[in-house]
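Trainee: I am new to this structure. Please show me how to read it.

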Amino acid sequence: MAEKLTRNEEMEGTEEEEEVEDQLEDWEDWDTDEENSDSDFLCLFCDLKYGSIETLWEHCSSAHHFDFRKIRKTLGLDFYDSFKLINYVRYQVAANKCWSCGVTCQSNKDLQNHVHEPVSLKDNKLLWEDDKYLKPHMQEDSLLHSFAEDEDDEDDHATPVGREELMNVIGDIVDLDNICIDDENAPDMSPSKPDTINGDIRKEAPCSSNGFTNIGRPCSSNGFTNIGRALVNAVEAREDSGLPNGKQKDGHLQASLANIAGKEIKNVNEGYFGSYGSFGIHREMISDEVRMDAYRGAILKNRSLFKGATVLDVGCGTGILSLFAAQAGASRVVAVEASDKMASVATQIAKDNGMLWDGSAATGNNQCTGIINVVHGMIEDLDKSSPIPLHSVDVLLSEWMGYCLLYESMLTSVLYARDRWLKPGGAILPDTATMLAAGFGKGATDIPFWEKVYGFNMSCIGREIVQDAARFPIVDVVKSHDIVTDSVVIQTFDLATMKPEEMEFTVSFELGIKLNSSVNNPTDLKSKTTWCYGVVLWFETGFTTRFCKEMPAVLSTSPYSPKTHWSQTIFTFREPIAMASGKHDTDGMAAVGTEACPVVRIQSRISIARAVQHRSIDISLETMGISSDGRKHNWPVQIFNL
């Protein structure tokens, strides 16, 4: 959560004010009194000033072919994207560069003659996406805290906000001192700081003294930062602080920022649910026999649970689980689907199979007739679209699991539905989830493939791929014989009782070499060395006897089980760690984890949290090796985003 916001007059003389002032030193000279500030708005391209934003935009459009309002509408730019666009154009113009095509002119006059309508706005958007353009080109650019007043009428809360409030919010989110505009032609530029701007910072450097990144809060000005999410966090923090909100513009600021973040989350949701409109995804899931056998067995082989029951299916997709529930004897099934296309498809499928609920009592001898009611919308909006009585559901059914179990963050919606509609003592399926981990060897990487390609050694490619893999999680199938350590449980969830905040956790675990490995024999006086290239995670969900009394079931995505469409999630070390068991002669001068001094066990600490980007998760991994003589070696923390 972003730091709590306060008005500057309440922060005077405090250490917090000094910290904010230091962070925003480039803004020190900006007049903080809006009522006394200069109302002139400087053109982005020339030296002309205008008394109103509307007049300024009309001038930019007619004289410089820059239609700000059209660009915002066409590209759907939110507040901070627009903020960056203005700064980007000012930096380009200062360097005599065309903001659209990037051509460098000899003078500003030549630039005025050159500017033109953009050829492709969508391609241009990439030019100012970097968060370095949150740092203004001008110290007294009144346009930056006033352009929102010219937004379309549909944005009711889009009122101008003061520089003081706006920059306190932005300064609390990104380190403005570490944002550098690395255009060599732009004036008054700070030296480039690749260690703070490089997009790989999220995987390389910790942001806190304990070695863990402050997951859920942006660390630097890179692609990992999600300003919209952080803005709404700042607003929430301010509300939680109980500070007075006497000024009307303060309320407008909170509403405006919440509106910005709300739009961003809405866009992410639309893209997420829209992706499930592809039939290919549903074919892959339905073709997953492990998945389907577990759910079908848990439903059809526990008919006593479903007979006469009211069932809520969260994220029904094609409606296959709802069809099973109706088959098992449910009296009513409410199937909720957020994808517009799939809600229509599920409705048609239920109708084609004689199971679609039409609002009237079932007729005929077919017990499945008129049971399934497909509702289009998010489960959080169910009360608006198809209200059902609170705590009236007997069975809550959902296939919510994502890669690494928690990716997609759909579990939050399932828990919301549980707390709102499930009867006391009602069943939730599945009712348990377990995350497991193990170390994997060279065979689970791309190295073996590249070592011999038609008789040629291309291992340099494999090594480079492994180095890149140390920065990003990989979803792929790991074969059981490539597991080189014991498997350990790292986290368990009881879906009947857990709270949403339990989805974020930190846990330590220890990996020992797998004793039945073909390359290791614990009876050897001098065991062979094997190499651990990283940690692989998978999950299992249980349909336990708590609810499935007739026939419990387990859905496993383990490397030791038949493969599923979830595969496993691979986290590669920056360098492999040598491991050995039994007695082993070690070189007391050699580095721990090398072939001369292999480790006997690996101690790891993993942290998983919802990322600032909606529906994503962040994973931090700390690794320490312990040799047979008790020496230890810590490797730098790795940060992954999924």
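Mentor: Start with one term. Contact means heavy atoms within 4.5 Å. A second term covers the elements: helices (H or I, at least four residues) and strands (E, at least two) are DSSP runs, numbered from the N terminus. This is a predicted model, where local features need pLDDT of at least 70, side-chain atom pairs count only at pLDDT 80 or more, and totals for chains, interfaces and linings use all residues. Residues are numbered from 1 along each chain as its sequence is written, and side-chain values use heavy atoms, with hydrogens and water left out.

Trainee: What is the mean pLDDT of the chain?

Mentor: First, the term: pLDDT is the predictor's confidence in each residue, from 0 to 100. The chain has a mean of 77. A value of 70 or more is reached by 68% of its residues. Over residues 181-249 the pLDDT is below 50. Beyond near neighbours in sequence, that stretch has 160 contacts in the model. Residues 518-526 also stay under 50. The model gives them 17 contacts beyond four places in sequence. Where pLDDT is low, the predicted coordinates should not be read in detail.

Trainee: Now helices. Which residues of α19 are buried?

Mentor: Buried means under 20% relative accessible area, exposed means over 50%, and partly exposed lies in between (1.4 Å probe, protein chains only). Helix α19 spans residues 411-421. Its buried residues are Leu411, Ser413, Val414, Leu415, Ala417, Arg418 and Trp421. Their cover includes β3 (310-314), α18 (382-385), β6 (393-398) and β7 (422-429).

Trainee: Where do the buried residues of α21 fall, seen down its axis?

Mentor: The general idea is this. An α-helix has 3.6 residues a turn, so residues three or four places apart point the same way. In α21 (residues 459-469), the buried residues are Ser459, Gly462, Val466 and Ala469. Seen down the axis, they fall within an arc of 75 degrees, so they line one face of the helix. The arc is that of the directions from the helix axis to the C-beta atoms. The cover over these residues includes α20, β9 (474-476), β14 (568-579) and β17 (632-641).

Trainee: Which residues does Thr445 contact, leaving aside its neighbours within four places in sequence?

Mentor: Phe440, Val466 and Tyr533. Thr445 sits in the loop between β8 (432-440) and α20 (447-451). Thr445 counts as buried because its relative accessibility is 14%. Now its polar contacts. Such a contact is a pair of N or O atoms within 3.5 Å; within protein, one must be able to donate a hydrogen and the other to accept it, and residues adjacent in sequence count only if both atoms are side-chain atoms. A polar atom of the Thr445 side chain lies 2.6 Å from the backbone oxygen of Lys442. The Thr445 side chain also reaches the backbone nitrogen of Ile447, at 3.2 Å.

Trainee: How many salt bridges does a search of the whole structure find?

Mentor: The idea first. Side chains of opposite charge can pair when their charged atoms come close. A salt bridge is a side-chain nitrogen of Lys or Arg within 4 Å of a carboxyl oxygen of Asp or Glu. The search finds 15. In one of them, Arg471 pairs with Asp468, with the closest N and O atoms 3.7 Å apart. Asp468 is partly exposed, at 36% relative accessibility.

Trainee: Which parts of the chain does the pair Asp494 and Arg546 tie together?

Mentor: Their side chains meet in a salt bridge, 2.8 Å from N to O. Asp494 lies in strand β10 (residues 488-494) and Arg546 in the loop between β12 (530-543) and β13 (553-556), so the pair ties together parts that are 52 residues apart in sequence. Asp494 is partly exposed at 29%, and Arg546 is partly exposed at 32%. Asp431 joins Asp494 and Arg546 in a network of salt bridges.

Trainee: How many disulfides does the search find?

Mentor: A disulfide is a covalent bond between the sulfur atoms of two cysteines. The cut-off is a pair of cysteine sulfur atoms within 2.5 Å. The whole structure has 0. Take Cys43: its closest cysteine sulfur is in Cys46, 3.6 Å away, which is too far for a bond. Cys43 is buried, with a relative accessible area of 1%.
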